[in-house]
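Me: Got a model open here and I'd like to talk it through. Can you take my questions as they come?

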Amino acid sequence: MPTPPPRRSEDLVHLLTRAERLAARLLQGVLEEHGCTPDAWRVLSLLSDRAGHPMTAIAEAAFLPPATLTKLVDHLVDQNLVHRRTDPLDRRRVLAHLTPRGETYWRRVDREVRTRWPALSGGDGDEELLRGLLLRLVDELDGATAEPSV
């Protein structure tokens with residue numbers, strides 16, 4: 001007699017973990033077709049606002065240690081997707097920007113990611129609801145980790 005599959009857990013942590021892993025797998029598949037990694041996509045997405053960002057801010061936003069980010073940005077510079085400039089307001093800082101080639105590349109990859117991302121059932125309202133709930137959860141968890149343990 002075959003073993004029945006495990007019952008799906010409705011535990012919040014389990015659901016969040018499962019959703020994150022399924023989303024990462026989907027994203028990875030789309031990005032691989034374009035020779036891009038999830039880390040590179042996060043960096044390119046951040047830089048797509050054309051504002052220029054210091055490396056420390058990019059590392060934090062992309063969830064990467066500074067040394068790993070430096071290697072990744074070096075690779076993106078070698079591919080002519082990103083360039084570095086001295087911050088005109090603080091000459092000690094370096095800002096990263098997308099090159100025109102990087103912007104074109106990011107738009108193409110981002111369009112593909114958005115096209116292949118499964119639409120949430122129920123229309124656009126569900127996506128906004130989920131975004132709001134996740135932002136609230138992140139804020140709560142950030143606050144909980146900032147409080148000292150007793």
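Me: How far apart are Arg131 and Glu128 in helix H6?
Reply: They are three residues apart, so about one helical turn separates them. This is a predicted model, and in it Arg131 forms a salt bridge with Glu128, with the closest N and O atoms 2.7 Å apart.

Me: Why does that spacing matter for which way residues point?
Reply: An α-helix has 3.6 residues a turn, so residues three or four places apart point the same way.

Me: And is Arg131 buried, exposed or partly exposed?
Reply: Arg131 is partly exposed, with a relative accessible area of 37%.

Me: What does Arg92 pair with?
Reply: Asp90, in a salt bridge with the closest N and O atoms 3.0 Å apart. Arg92 counts as exposed, at 74% relative accessibility.

Me: How many salt bridges are there in the whole structure?
Reply: A search finds 11. Glu33, Glu112 and Arg116 are linked in a network of them.

Me: Switching topic. What's the overall layout?
Reply: The chain has six helices and three strands, in the order α-α-β-α-α-β-β-α-α along the sequence. Of its 150 residues, 25% count as buried. Among contacts between residues at least 6 apart in sequence, 48% join residues at least 24 apart.

Me: OK, H4. Which residues are buried there?
Reply: Leu69, Leu72, Val73 and Leu76. They cover an arc of only 100° around the axis, which puts them on the same side of H4. The face turned away from that buried side carries the exposed residues Ala67, Lys71 and Asp78.

Me: What do the buried ones pack against?
Reply: Helix H2, helix H3 and strand E2.

Me: And how far does H4 reach from end to end?
Reply: H4 covers residues 66-78 and reaches 18 Å from its first C-alpha to its last, close to the 18 Å expected. After the helix comes Asn80, whose phi is positive, near 60°.

Me: What about Thr99, buried or exposed?
Reply: Thr99 counts as buried, at 5% relative accessibility. It's found in the loop between strand E3 and helix H5. Leaving out residues up to four places away in sequence, Thr99 touches Asn80, Leu81, Val82 and His83.

Me: Then H5 itself. What's buried there?
Reply: Gly102, Glu103, Tyr105, Trp106, Val109, Asp110 and Val113. Their arc around the axis is only 160°, which puts them on the same side of H5. On the other side of H5, Pro100, Arg111 and Thr115 are exposed. The buried residues of H5 pack against H1, H2 and E3.

Me: Last topic, the surface. Which residues make the nonpolar patch?
Reply: Leu12, Leu16, Leu130 and Leu134 make a nonpolar surface patch of about 330 Å². Helices H1 and H6 are the elements that give two or more residues to it. Leu134, in helix H6, is partly exposed at 36% relative accessible area.

Note on methods. Residues numbered from 1 in each chain as written. Predicted model: local features only at pLDDT ≥ 70, side-chain atom pairs only at ≥ 80, totals over all residues. Heavy atoms only, no water. Patch = residues over 30% accessible without salt bridge, like charges linked within 9 Å, V, L, I, M, F, W, Y side chains within 5 Å. Areas by Shrake-Rupley, 256 points an atom, 1.4 Å probe, with all protein chains shown as cover. Salt bridge = Lys/Arg side-chain N within 4 Å of Asp/Glu carboxyl O. Helix = DSSP H or I, 4+ residues; strand = E, 2+ residues; numbered from the N terminus. Buried < 20%, exposed > 50% of the residue type's maximum accessible area, 1.4 Å probe, protein only. Contact = heavy atoms within 4.5 Å. Expected span 1.5 Å × (residues − 1). Arc of directions from axis to C-beta.
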